[in-house]
Amino acid sequence: MIPKLKFLVPFSFLCAAPVFAETERQLDAHNHGEAMLNIVMDGKLMELTFISPSANLIGFEHKPKNQEQQAKVDSAKEMLADYTKLFGLPSQAACKPIKSAVHWTFDEGSGHEEHDEHEEHGDHDEHEEHDEHEGAVHSELEAEWRLACEKVDALNSIEVQLFKHFPALEKLHVEAIFADSPLAATLTSDDNLIKRPK
Ligand SMILES: [Zn+2]
């Protein structure tokens with residue numbers, strides 16, 4: 001179980017990090033079945049950030065419209081709050097949770113919906129992209145976990161269990177920075193181990 005938050009760490013800490021900006025850019029693609037996981041190790045601290053289209057986790061992307069859908073959101077949130085169910089870390093690393101947070105953006109159009117009707121269609125290349133999603137609602141979930149690990153050297157792999165709990169997730173794009181070693185990998189349910197670079 002995650003202990004109750006004893007103190008609140010401002011999110012600006014994460015938002016200001018360049019890694020976070022990278023994540024946002026990449027997720028603009030918003031491909032259902034795919035998600036991003038960023039891992040940053042800094043000393044004994046490890047931060048994991050998971051960003052996924054909601055469809056991968058609850059099967060829809062609109063705001064919950066009934067109790068059944070709300071229950072799906074609630075149980076997914078509950079699942080995501082406990083990193084021990086999602087990530088298998090070597091016990092020798094002795095990692096302890098410091099905080100976790102789950103944000104759900106049921107983003108219905110982001111203010112783009114009106115200008116198609118009122119502007120002439122001409123040289124506006126920018127319209128092409130969202131015409132294809134006309135009427136569709138997309139939303140994403142972002143979960144963050146911050147851990148402190150006593151024996152960072154023992155942290156040589158992370159087994160990702162997200163696929164087991166969220167079968168609609170097919171590909172997880174991982175970007176990790178372990179001390180000075182960057183790692184980029186795409187995981188699947190058959191290949192779900194993040195191996196720390198030697
Ligand atoms: Zn979507």
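Visitor: Two residues are in contact if their C-beta atoms, placed from the backbone, lie within 7 Å. On that basis, what share of the contacts with a separation of 6 or more is between residues 24 or more positions apart?

Guide: In this chain, 69% of the contacts with a separation of 6 or more are accounted for by residues 24 or more positions apart. Please keep in mind that this is a predicted model, in which local features need a pLDDT of at least 70 and side-chain atom pairs count only at pLDDT 80 or more, while totals for chains, interfaces and linings use all residues. Residue numbers start from 1 along each chain as its sequence is written.

Visitor: What is the mean pLDDT of the chain?

Guide: The mean is 79, and 70% of the residues reach 70 or more; pLDDT is the predictor's confidence in each residue, from 0 to 100. Over residues 1–27 the pLDDT is below 50, and that stretch has 23 contacts in the model beyond near neighbours in sequence. Residues 107–134 also have a pLDDT below 50, with 8 contacts counted in that way. Where pLDDT is low, the predicted coordinates should not be read in detail.

Visitor: OK, sheets. What is the order of the 6 strands in the open sheet?

Guide: The order is β4-β5-β2-β1-β7-β8, with mixed pairing, where two strands pair if DSSP finds at least two bridges between them. β4 (95–105) and β8 (181–187) are the edges, and because each has a single partner strand, one side of each lacks a neighbour in the sheet. From one strand to the next, the twist averages 10°.

Visitor: How many bridges join β1 to β7, and are they parallel or antiparallel?

Guide: Strand β1 (residues 34–42) and strand β7 (residues 171–178) run parallel and are joined by 7 bridges, and Asn 38 has Glu 175 as its bridge partner in β7. On the other hand, β2 (residues 45–53) runs antiparallel to β5 (residues 140–149), with 9 bridges; there, Glu 47 is partnered by Arg 146 of β5.

Visitor: And what do β7 and β8 form?

Guide: They form a hairpin with 2 residues between the strands, and Ala 179 in the turn has a positive phi of about 50°. The pairing is antiparallel over 7 bridges, with Leu 172 standing opposite Leu 187 in β8.

Visitor: Where does Ala 94 lie?

Guide: Ala 94 is in the loop between β3 and β4, and although it is not a glycine, it has a positive phi of about 50°. Most residues other than glycine have a negative phi.

Visitor: Is Ala 94 exposed or only partly exposed?

Guide: Ala 94 counts as partly exposed because 15 other C-beta atoms lie within 10 Å; a residue is buried with 20 or more other C-beta atoms within 10 Å of its own, exposed with 12 or fewer, and partly exposed in between, with C-beta atoms placed from the backbone. Thr 188, in the loop between β8 and β9, has 12 such atoms and is therefore exposed. Thr 188 touches Glu 170 and Lys 171, leaving aside residues up to four places away in sequence.

Visitor: Switching to the core: how many residues has the largest nonpolar core?

Guide: It has 34 residues, and among those with the most contacts inside it are Ala 35, Leu 37 and Met 46. A nonpolar core is a set of buried Ala, Val, Leu, Ile, Met, Phe, Trp, Tyr and Cys residues joined through C-beta atoms within 7 Å. Elements giving two or more residues to this core include β1, β2, α4 and β5.

Visitor: What does Met 46 touch?

Guide: Not counting residues up to four places away in sequence, Met 46 touches Ile 39, Met 41, Cys 95, Leu 147 and Cys 149.

Visitor: Last one: which strands does helix α4 lie across?

Guide: Helix α4 (residues 67–81) lies across β4 and β5 and runs at about 155° to β4, with axes being lines fitted to C-alpha atoms, for helices over the stretch in contact, and angles running from 0 to 180 degrees between N-to-C directions. Ala 101 lies in strand β4, and its C-alpha atom is separated by 6.8 Å from that of Ala 81, 20 residues apart along the chain.

Terms used:
Helix = DSSP H or I, 4+ residues; strand = E, 2+ residues; numbered from the N terminus.
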